[in-house]
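Okay, everyone, let's get going.

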Amino acid sequence: SRSRQEFVKQAREAQDRARIYIEYMAAAQRVLEDAAEYRRQEISPRWMANYDLMYAQIVAYQARVFEYGASLEAFPLPCSDSVGNKEQPALVVSAITSVYRADGTS
């Protein structure tokens with residue numbers, strides 16, 4: 001959106017969705033970590049590779065969503081300068097980014 005208020009609203013909604021997704025992916029990562037013993041016992045290289053791929057994808061997806069949330073947090077917005085009414089970049093400031101942690105906890 002070109003409107004500052006509308007953009008901030010849309011960014012916050014997107015961050016809320018990203019937070020939910022990260023929490024879901026962190027739960028999936030914990031399930032896979034709980035099943036790691038089964039992976040170690042597996043004799044089929046195909047199934048071992050399948051586990052490794054799922055685990056790597058879960059971690060990579062969390063990193064991508066974290067970066068998406070962080071980019072929304074730091075996205076520059078135009079704002080009016082008090083002198084001369086020049087357009088200056090401003091940052092969207094929020095505590096939402098503090099939710100994004102590598103271990104999925106807040």
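So, Ala28 comes out partly exposed because its relative accessible area is 23%; buried means under 20%, exposed over 50%, and partly exposed is in between, using a 1.4 Å probe and protein chains only. Ala28 sits in helix 1, where helices are DSSP runs of H or I with at least four residues, strands are E runs of at least two, and both are numbered from the N terminus. From its C-alpha to that of Met54, 26 residues apart along the chain, is 9.7 Å.

Quick housekeeping: this is a predicted model, so local features need pLDDT of at least 70, side-chain atom pairs count only at pLDDT 80 or more, and totals for chains, interfaces and linings use all residues. Residues are numbered from 1 along each chain as its sequence is written, and side-chain values use heavy atoms, leaving out hydrogens and water.

Now, what does Ile58 touch, skipping neighbours within four places in sequence? Met25, Ala28, Gln29 and Leu32, with contact meaning heavy atoms within 4.5 Å.

Over to Tyr21, also a helix 1 residue. Tyr21 counts as partly exposed because its relative accessibility is 35%.

How confident is the predictor? pLDDT is its confidence in each residue, from 0 to 100. The chain's mean is 77, and 70% of residues reach 70 or more. Helix 2 (residues 36-41) scores highest at 95, while strand 2 (residues 87-91) is lowest, with a mean of 41. Across residues 80-102 pLDDT is below 50, yet beyond near sequence neighbours that stretch has 48 contacts in the model.

How values were computed
pLDDT = per-residue confidence, 0-100.
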